[in-house]
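Work through the exercises below with the sequence and the model side by side, trying each task before reading its solution.

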Protein chains: 2
Amino acid sequence: MKKLALRCIFVFLLAANTALAADALPSWNDTAPKKAIIAFVEEVTKEGSPDFVPQSERIATFDNDGTLWAEQPIYFQYTFIFDRIRALAPQHPEWKSEEPFASVLKDDLKDALSGGDKTVLGMFMATQSGMTPDEFGKVVTDWITTARHPRTRRLYTEMAYQPMLELLAYLRANAFKTFIVSGGGVDFMRPWSEKVYGIPPEQVVGSSIKTKFEFRGGKPVLIYVPELDFIDNSDGKPIGIQSRIGRRPIASFGNSDGDLQMMQWTSAGSGPRFCLYVHHTDAKREWAYDRESVVGRLDKGLDEALVKGWTVVSMKDDWKIVYPFEKE
Amino acid sequence: MKKLALRCIFVFLLAANTALAADALPSWNDTAPKKAIIAFVEEVTKEGSPDFVPQSERIATFDNDGTLWAEQPIYFQYTFIFDRIRALAPQHPEWKSEEPFASVLKDDLKDALSGGDKTVLGMFMATQSGMTPDEFGKVVTDWITTARHPRTRRLYTEMAYQPMLELLAYLRANAFKTFIVSGGGVDFMRPWSEKVYGIPPEQVVGSSIKTKFEFRGGKPVLIYVPELDFIDNSDGKPIGIQSRIGRRPIASFGNSDGDLQMMQWTSAGSGPRFCLYVHHTDAKREWAYDRESVVGRLDKGLDEALVKGWTVVSMKDDWKIVYPFEKE
């Protein structure tokens, strides 16, 4: 009798545990990606299993733009930079005739971006240099809590993907340490990453410009200087992971070719590994784009995912909802 | 009666709590530094107190050499580098006539170091370049688990300071996140920091050379290249803290002038702050040195600590024991 009761409790606990795992991802359809995620997490967290991974090694890295929140029609940080240029223009009369600033001020945003990454980097530096981290953090916070997306009219942070928020929480509930590893500016993400994603500043790796340490009015300050520190994209992702985190992730999540090297680095480690691409297939609820897109192109990555058996999420088919506000 | 019982329980709990705090630092004498540490921790962890600091902001940064473990007669990593040069010499016949390598191979270690930081950096690069992080990590682990200190004949990791190990654990028990911020090589510290200090690799900030990402035999690898990435000393400490951690510490611990800017940056933040210098005053159990020392000089920092009221630990007077093995 006692034995049976114990066995019942055990079966009940097992069932409860599986139910709990299923409930942790309510915005995911019961399709292959959700099953693959749960199978991986259960595999690495089951003590005694040959694939068990100690808690301290449960490192999961996430791209940000297009993986944790939307990125169309242009990376949200670009809109922030354009808004900063407009706000700073009165202090920079020379920008009226200086590209790419002149194009931004005339709202020719396509022209402003036509110079590629180097031009964007120049604008990035121009809007951040000379400020302290505290000052810049305040500017970011003011913008992120007021600026609205042109299509949805929502705050940008409301365009974080609900299924990915659930995935972050599910991994953390299983003792994973979640990191952002993004080509975006680290100082642009850190002021809100903890509130929106539950990822603290020290677990955000991103692109950056340098700072210098000096004294102003007898007080020590750090000041951003217009000098590139680190580009955390493509090859830069595994490099940034090694430099800032110092261990190879066991799971990586991305959506573009810029995440491919992170996936390659992750999957080449020994033991169980999980790589997942978010594939933007939902023209109605989000956007549909991949091989031909300028923003967030997924071409080589998609081919390699198919060959290597990485999980590919079709937003249209695998997600019940995309944004948290769809629950309203 | 009931009221009295409750009050008794309350008083008992208060006493137990203080006792617990005291017991967390058994290798510290009951002198001013221990009292200052406990007062600070109780102040920032007491909910409702005006000085309460939320858990996520309880960032504590520790220098390594001379603060968490000994650093005499030369930084332990220098000994590692010399041992590496000796081990690699057969593959580098040119080192026999090339400085500083020639001096190392002749055991003229003073001559080898006479070129200053730049020379050391060159040796650092020569012994790490061309390897993968996994390969280098294995070399470090092999060395750190076998090499012995010339005076104590102990493993170098046995020369971590027992009072500081207790302090790290005490802070973590109070929900602090503990980081190393060291001028030493990040790749030299990470392989053993978790085991020795309970500080995981991702919470170690240090000096580094760059890596490149490439494919070898179809496998993605990172390879160290002989190019400076970051020097995490003096001004580099607040810069590294901002870049890697992204928040200002509320407590910092160091032992030399190379930690001064970290202390200045920490103490200039608003709200309660704690800075502590380990002062090497114990010629018998450890070493006695400060203003005139080549290794770990504490001169300007000592002056500023006195002016600013930072806590200065006299190893001789404030620590019951220095090394864990004294308990044997």
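**Exercise 1. Find what share of the contacts in chain A with a separation of 6 or more joins residues 24 or more positions apart, and then describe the chain as a whole.**

Solution. Two residues are in contact if their C-beta atoms, placed from the backbone, lie within 7 Å, and by that count residues 24 or more positions apart account for 64% of the contacts in chain A with a separation of 6 or more. This is a predicted model, in which local features need pLDDT of at least 70 and side-chain atom pairs count only at pLDDT 80 or more, while totals for chains, interfaces and linings use all residues. Residues are numbered from 1 along each chain as its sequence is written, and chains are lettered from A and ligands numbered from 1 in the order in which they are written.

Next, chain A holds 13 helices and eight strands, these being DSSP runs (H or I over at least four residues for helices, E over at least two for strands) numbered from the N terminus. Finally, its C-alpha atoms fill a box of roughly 85 × 50 × 40 Å along the principal axes.

**Exercise 2. Decide whether A:K177 is buried or exposed, and locate its surroundings.**

Solution. A residue is buried if 20 or more other C-beta atoms lie within 10 Å of its own, exposed if 12 or fewer, and partly exposed in between. Because A:K177 has 20 C-beta neighbours inside 10 Å, A:K177 counts as buried. A:K177 is found in strand β2 (residues 177-185) of chain A, and, leaving aside residues up to four places away in sequence, A:K177 touches A:R58, A:I59 and A:Q203. By contrast, the C-alpha atoms of A:K177 and A:F213, 36 residues apart along the chain, are separated by 31 Å.

**Exercise 3. Identify the residues through which α10(B) and α11(B) meet.**

Solution. On the side of α10(B) the residues are B:K237, B:P238 and B:I241, and these meet B:Q261, B:M262 and B:W265 in α11(B).
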